[in-house]
Amino acid sequence: MARSLNEWLWQHEFWLPPGITWEDMQESEDIHYPQPRDLLLSIPFALILVVIRCAFERAIALPLSSKLGVRDKQRPKAQPNPMLETFYSTRCKNPEEGELISLAKQCDLPVRKVERWFRHRRNTDRPSLSKKFCEACWRFTFYITSFFTGLAVLYDKPWLWDHRECWTGYPQQPLQPSLFWYYLLELSFYWSLVFTLPFDVKRKDFKEQIVHHAATIFLISFSYCANYIRIGTLVMVIHDASDCFLEPTKIFNYMKWKKTCDSLFMIFSAVFLISRLVIFPYTVLYNTYYYSMEIFQPFFGYYFVNALLIILQLLHVFWSCLIIHMVYKFILQGTV
């Protein structure tokens, strides 16, 4: 059954344009094409990144937070209470009035004291400023490294300057070592984010982040297997451009450097809106949807990769609305 499923999954009609089969993608000593098995390397590399991140946050980011004056708030701890702790862990972290009254009777405590216990308990679970600072430092370090790595890899590639070159000779485009390692770096990083998701700071767009990570991993993996390497590199470098400004904005916010934070936020907003709402639709969406049709007819991979790119674009629109709302409040109130 597994063999039948494997044969069905790797039908060339799914992955390659009409008229091209896997036999046409045979490697030689001088020509190498992307191989799906290469993606398995991203898992151990992701685990290595997790280890590097833990060491980086403990040895560099955490001491740096202390030197830069990032102070955690001293929150009162909830007194040990097994019954309330069980309710908090298994039922609800923010009980309603009726539940508070019932719990107060069971514990023989005033309702206000039970309510205060839940408030203190919730505050205990809130991530500290130092944890947020360390997380932002790690992401900033990666994004700045990844962005300039992408520029170094792509600056002499013709498709960076002429987007139609993404499809010249497709899908028989040899895989260059620099592109392979760039892909592996990005894919490993997003796998590492998935691995650390339960431990990272949970923000308001937590569900959107899960969708984003899943779509990104699927997009990187599928584009590698189908040899959409050139368009994939453009997607990655465009995304990293704005992220390089987002994380330092958070860092200066945790440091209480208000003016620097506000200035970086406005720069980030401009870069994000331009890169995600202007450059990405033209350079990637229009390129993949329209220019590719000059080379081959539509096939499953064409529809699938475009569907993933549209999901990413919808997320771009969602986050853009949040950013525009914040910019609007900043203009009116003078603060982010």
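Read along the sequence, the protein runs α-α-α-α-α-α-α-α-α-α-α-α-α. That pattern amounts to 13 helices and zero strands. The model is a predicted one. Taken along the principal axes, its C-alpha atoms fill a box of roughly 75 × 55 × 40 Å. Of the 336 residues in the protein, 45% are buried. Among contacts with a separation of 6 or more, 80% join residues 24 or more positions apart.

An unreviewed UniProt entry places the feature "transmembrane region" at residues 136-155, 180-199, 264-283 and 303-328. In the model, residues 136-155 are 95% helix and 0% strand, with end C-alpha atoms 28 Å apart. The span 264-283 is 100% helix and 0% strand, and its end C-alpha atoms lie 25 Å apart.

The packing of nonpolar side chains comes next. The largest nonpolar core holds 76 residues, and those that touch the most other members are Trp-167, Phe-189, Tyr-228 and Val-284. Which residues does Phe-189 contact, leaving aside its neighbours within four places in sequence? The partners of Phe-189 are Leu-49, Trp-138, Phe-142 and Tyr-143.

Two or more lining residues come from each of α1 (2-9), α2 (12-15), α3 (42-67), α9 (177-195), α10 (206-225) and α13 (300-333). With eight residues, α10 gives the most to this lining. By class, the lining of the second largest pocket divides into 21 nonpolar, three polar and no charged residues.

The largest cavity has a volume of about 160 Å³. It is lined by 17 residues, and the closest to its centre are Leu-219, Ile-220, Gly-232, Val-235 and Met-236. The helices α9, α10, α11 (229-254) and α13 each supply at least two residues of this lining. Which helix gives the most to the lining of the largest cavity? That helix is α11, with six residues. The lining of the largest cavity has 10 nonpolar, five polar and two charged residues.

The second largest cavity holds about 40 Å³ of space. Asp-38, Leu-39, Phe-180, Tyr-183, Leu-184, Leu-187 and Tyr-224 form its lining. Here α9 gives the most, with four residues. By class, this lining has six nonpolar, no polar and one charged residues.

Leaving aside neighbours within four places in sequence, Ser-65 is in contact with Val-70, Arg-71, Ser-130 and Phe-133.

Cys-321 has its place in helix α13. Why does Cys-321 count as partly exposed? Its relative accessibility is 48%, and partly exposed covers the range between the buried limit of 20% and the exposed limit of 50%, so Cys-321 falls in that class. From C-alpha to C-alpha, Cys-321 and Asp-200 are 24 Å apart in space, while 121 residues separate them in sequence.

Technical notes: Residues numbered from 1 in each chain as written. Predicted model: local features only at pLDDT ≥ 70, side-chain atom pairs only at ≥ 80, totals over all residues. Heavy atoms only, no water. Nonpolar A, V, L, I, M, F, W, Y, C, P; charged D, E, K, R; others polar. Core = buried A, V, L, I, M, F, W, Y, C linked by side-chain atoms within 4.5 Å. Buried < 20%, exposed > 50% of the residue type's maximum accessible area, 1.4 Å probe, protein only. Contact = heavy atoms within 4.5 Å. UniProt positions renumbered as here; feature names shortened; annotations may be inferred. 1 Å grid on protein atoms, 1.4 Å probe; cavity = no way out; pocket = protein on both sides within 12 Å on 5 of 7 lines; lining within 4 Å. Points joined across faces, edges and corners; volume = space filled by probe spheres on them.
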